[in-house]
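Hi,

Here is the structure I promised to send over. Have a look first, and my notes follow below.

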Amino acid sequence: DSLFTSVGGTLVNAGVGAQVFKFGPQISNLYELDVITGKGDLVTCSEKKNSKLFYASLGGLGQFGIIARARIALGPASTKVKWLHLLYSDFSAFSKDQEYLISLNRKSDNAFDSVLGFLMMNQWPNLLVFFPTKEIPRINSLIAQHGIIYVLELGKYYDNTTQDQIDQEVEHLTSGLKFVPTFKYVQDVSYQNFQNRLAYEGNGSAEPQSWLNLFVPGSRISDINEGVFKNILFKQNLTANGVIVVYPMNHTKWNDKMSVAIPDEEIFYLASVVQSAPANMLKAFDDQKNQILEFCEISNIKIKQYLPRNKTHEEWIQHFGSKWHNFEDRKNEFDPKRILAPGQRIFN
């Protein structure tokens, strides 16, 4: 969903967004790579050719080689998007509806193309840009009443040939959802503007940013809501322009041969906290993120960091878990002198 990153930089992490439930991460949509290994070899690799380096590089944090070329699967772009925002006061209803909607993709083509969620609190008013001006007092009243409002953001792609049916399809898809009645907002936007929507959420801000991205087992996402969203982020009430994003993904859309570490559950979530703020506030935000990680550790929530920032060799071993030995063996094969990305401190 972030269009401000490079292709290679995304591929060495994974590439996630509101369409992962449908297509898998960006690293699941590749035909071929050219990789310059730590030994100086230029290697063309794919699922069938030099596959060990291919899978190692995908989500490999740049530890095995530099991606010089990527042959990526593409598809036709629609012209328009039916863009929905549904407001929830109850997290359980919100997460259950998200999981229901991503399950439709396995059963029928008549499903949403984009499923994402974010939180709204008093201190992050920048997200109100997504709603009609006349509705803002009513939405602010709902936020004041509940403290946190959960917003389900949906996208249904269409073009001029299907426009007549799109309203009926969207009404059918949302008919059983448990959002707060009368807090459903629908607009038609261009496909390009929809794909660039995160620019409005502070992602393109010139201010310094503090990030924390967690893959959370689906069975523990309610604990993240109580322990992180409510008891840390909401209670501390740090002022910032940013966004808290949360949405589910299917494990089946990920290939376990790849280096990237994800939770070992069929459904897992991305919980992402992105804050833009003056430089003198960054330490406070970093301290807050350390509290979040500490809460997850104490509560035995087996998260995996996305864009991980572990500080010790032992933390990296824990991060990769059952994949660690393969990760280490691949490092020895493709970068034996440890010249690539040493600043991550993955290897002693």
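**What turned up**

A nonpolar surface patch of about 290 Å² is formed by Ile36, Leu42 and Ile66. Patch members have over 30% relative accessible area and no salt bridge, with like charges joined within 9 Å and nonpolar side chains (Val, Leu, Ile, Met, Phe, Trp, Tyr) within 5 Å. A salt bridge here is a side-chain nitrogen of Lys or Arg within 4 Å of a carboxyl oxygen of Asp or Glu. Accessible areas come from the Shrake-Rupley method with a 1.4 Å probe, and for residues only the protein chains shown count as cover. Ile66 belongs to strand 3 (residues 65-72); helices (H or I, at least four residues) and strands (E, at least two) are DSSP runs numbered from the N terminus.

Before going further: this is a predicted model, where local features need pLDDT of at least 70 and side-chain atom pairs count only at pLDDT 80 or more, while totals for chains, interfaces and linings use all residues. Residues are numbered from 1 along each chain as its sequence is written, and side-chain values use heavy atoms, with hydrogens and water left out.

Now the aromatics. The structure holds 24 aromatic pairs (rings of Phe, Tyr and Trp, the last by its six-membered ring, with centres within 6.5 Å; planes under 30 degrees apart are stacked, over 60 edge-to-face, the rest tilted). The pair of Tyr157 and Phe194 is edge-to-face because the ring centres are 6.1 Å apart and the planes stand at 75 degrees. This pair links distant parts of the chain, with Tyr157 in strand 6 (residues 149-158) and Phe194 in helix 7 (residues 191-195), 37 residues apart. Tyr157 has 15% relative accessibility, so it counts as buried, and Phe194, at 0%, counts as buried too (buried is under 20% relative accessible area, exposed over 50%, partly exposed in between; 1.4 Å probe, protein chains only).

Phe327 and Phe347 make a stacked pair, 6.0 Å centre to centre with 10 degrees between the planes. Phe327 sits in helix 11 (residues 324-334) and Phe347 in the segment after helix 11, 20 residues apart.

Arg138 has its charged end over Phe183, 4.0 Å from the ring centre, and Arg197 lies over the face of Phe194 at 4.1 Å.

Best wishes

Conventions:
A charge sits over a ring if NZ of Lys or CZ of Arg is within 6 Å of the ring centre and within 35 degrees of the ring normal.
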